[in-house]
Amino acid sequence: MKILRKALSLALIFICTACVLITTACSENSDISFRLLRTAYELEVGESADVEIELTQNGESLPTDDVRYASSNENIMTAENGKIIGIAEGDAVLTVTYGSMERTASVHVFERETPNKDISIQTDRSSYDLLLDEPALDSTVVHTTVFENGIEIPDAQISYSVADPSIAEIAADGTLTAKSHGTTTLSATHQNVTETAVVRIYANATQEQINSFDETYINRFGRQYITNEGLHVDQVASGIELTFYGTKLTAKINSTAIIYARVFIDGDEEGTFIRMDRGTETYTLAEDLQAGIHTVRILKSSEIHDGQLVFCSFSSAQFLRAQEKSSLKIEFIGDSITTGYGTIAQGGDRTISNSDATKSYAYFAAKALDADFSCIAAQGVCVKAHQWRDYNMADDIYGYISPITKEEYDFSADADMDVVVLNLGTNDGSYITDSDASYASKFPQDYADFLNTLRDKHPNAYILCTYGLMGKNSQIDSGIRQAVQTLQDDKILYIPSTVQDNSGASGHPYYTAQERFADTIVMYVKTLLDL
């Protein structure tokens with residue numbers, strides 16, 4: 001029932017925010033215009049707001065005496081005489097009626113937290129990285145400052161604790177000492193005020209261990225496979241993350257064509273867009289860094305059929321075991337929108353150099369959620385039709401590690417997937433419009449069949465179906481709705497995109513639109529999983 005309530009709540013929120021953006025009245029008397037000037041309200045508990053409406057006939061204002069107001073939950077919000085009042089935290093729907101015409105708006109009521117204005121605590125770092133079995137690096141002193149009304153309190157009494165003492169321990173004087181590889185949280189408390197910081201403890205790893213590509217030592221993202229050549233990275237946004245101590249990291253990489261990757265150092269949000277030339281080359285991924293612990297993530301920006309990458313080996317002065325990936329697992333399935341096709345250009349034609357999977361909604365969302373992620377996407381694919389390519393998503397891509405090798409993927413590793421985001425339908429709409437209009441009647445069943453495949457592979461995951469970032473075909477939109485409704489699975493939801501954009505290359509979304517769309521995905525995931 002909790003899941004059903006969440007799904008119903010999300011459906012209400014979406015209806016209010018997406019389907020009534022500015023609605024013009026349609027009734028038996030078509031010369032009457034009735035609309036809400038605001039379709040979303042946020043109120044603090046106890047706060048009130050006037051409901052803003054426009055009621056006219058032939059351009060002249062009408063009296064609003066006969067307008068009626070109602071709340072979907074009066075325990076959260078009341079509505080009467082053109083005014084709404086926040087009662088308790090939560091979400092409700094305001095319904096405003098005039099005759100047979102009805103308009104709705106979402107209302108979010110929140111309890112404002114009163115910050116402690118007197119006492120604040122600040123540790124000298126937001127995170128602490130220590131290295132096991134290295135006398136100069138396996139401990140540090142945490143320096144904490146306490147302020148009262150903005151003025152530092154000298155010699156303030158501070159108590160320290162660590163969430164997992166098996167990973168690190170801290171003495172009363174703030175000396176933090178590494179115990180075992182892993183991540184935990186440090187707390188510094190004065191009176192009833194606590195400040196926290198992340199503590200990461202690293203263990204040494206050999207170059208041979210790193211270059212075995214064993215996930216005991218490195219983090220891998222996406223579907224990959226290992227041969228005697230190295231770690232093969234075919235899928236978009238697929239890649240590797242590793243940690244070293246020093247100032248420089250190089251990699252020997254083989255590329256089957258001129259393609260691109262993006263390198264992120266120590267959590268840098270933008271990263272560096274680098275070109276990979278055809279053949280085997282040694283690339284400097286990081287250099288001239290301050291001597292210390294650094295984490296580098298390198299992800300394939302270019303699409304599967306632009307070329308393949310093989311990570312042959314990595315070199316640095318001293319490697320460390322990477323920290324474990326997030327336990328939150330998300331899979332993205334899509335077409336050129338998901339691959340970041342033309343997303344870093346404004347207009348013009350798509351090229352390899354203006355396309356970047358790390359600038360698509362999928363990676364933006366995964367990064368914002370700090371999730372372990374995988375992207376199975378290629379330009380031109382439909383659910384099961386063949387508009388642009390001679391392969392299709394459901395049969396030829398999804399079941400393989402890579403559609404190039406056509407080696408079957410072992411789904412047992414994904415049995416605990418938390419969320420699957422399915423973003424298909426744009427090419428199916430083109431297929432119906434340009435090639436076979438009769439396919440519109442078959443599309444809902446093909447889509448439902450693929451959803452059944454996803455449910456079989458991911459029995460406990462939420463499946464978020466989305467569509468429309470490049471514009472909507474009504475037959476695709478209704479087909480997805482029909483498929484989702486037919487399955488009657490309360491963990492399969494349809495989230496039509498509230499963002500439409502064609503300002504990137506070849507009419508595809510520009511990365512800023514992709515980022516806005518990612519915000520929607522993040523909101524739903526956080527709500528569904530109580531994050």
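Tyr398 is buried, at 1% relative accessibility, where buried means under 20% relative accessible area, exposed over 50% and partly exposed in between (1.4 Å probe, protein chains only). Phe411 is buried as well, at 12%. This is a predicted model, in which local features need pLDDT of at least 70 and side-chain atom pairs count only at pLDDT 80 or more, while totals for chains, interfaces and linings use all residues. Residues are numbered from 1 along each chain as its sequence is written, and side-chain values use heavy atoms, leaving out hydrogens and water.

**Aromatic rings**

Rings of Phe, Tyr and Trp (its six-membered ring) pair if their centres lie within 6.5 Å; planes under 30 degrees apart are stacked, over 60 edge-to-face, and the rest tilted. The count by this rule is 15 aromatic pairs. Among them are the two in this table:

| Pair | Class | Centre to centre | Angle between planes |
|---|---|---|---|
| Tyr398 and Phe411 | tilted | 5.3 Å | 40 degrees |
| Tyr510 and Tyr511 | tilted | 4.8 Å | 55 degrees |

Both Tyr398 and Phe411 lie in the loop between helix 5 (393-397) and strand 35 (419-423), so their pair ties together parts that are 13 residues apart in sequence. Helices here (H or I, at least four residues) and strands (E, at least two) are DSSP runs, numbered from the N terminus. In the other tabulated pair, Tyr510 is buried at 15%, whereas Tyr511 is partly exposed at 27%.

Phe221, Phe264, Tyr363 and Phe373 make up one aromatic cluster. Phe221 also has a charge over its ring: the charged end of Lys325 sits 5.3 Å from the ring centre. For this, NZ of Lys or CZ of Arg must be within 6 Å of the ring centre and within 35 degrees of the ring normal. Likewise, the charged end of Arg223 sits over the ring of Tyr409, 3.9 Å from its centre.

What does the side chain of Glu241 join through a polar contact? Its partner is the side chain of Arg297, at 3.0 Å. A polar contact is a pair of N or O atoms within 3.5 Å; within protein, one must be able to donate a hydrogen and the other to accept it, and residues adjacent in sequence count only if both atoms are side-chain atoms. Glu241 belongs to strand 25 (residues 239-246) and is buried at 14%. Beyond four places away in sequence, Glu241 touches residues including Ile218, Phe221 and Ala322, with contact meaning heavy atoms within 4.5 Å.

Ser316 sits in the loop between strand 31 (309-315) and strand 32 (318-320) and is buried at 16%. A polar atom of the Ser316 side chain lies 2.9 Å from the backbone oxygen of Lys248. Apart from neighbours within four places in sequence, the contacts of Ser316 are Gln207, Phe244, Tyr245, Lys248 and Leu249.

**Helix 6 and the cysteines**

Helix 6 (residues 426-434) has Thr426, Asn427, Asp428, Gly429, Tyr431 and Ile432 buried. These buried residues pack against helix 3 (336-339), helix 7 (443-457), strand 36 (462-467) and helix 8 (474-487).

How many disulfides are there? The count is 0, with a disulfide taken as a pair of cysteine sulfur atoms within 2.5 Å. For Cys382, the nearest cysteine sulfur is that of Cys465, 16 Å away. Cys382 is buried at 0%, and Cys465 is buried at 0%.
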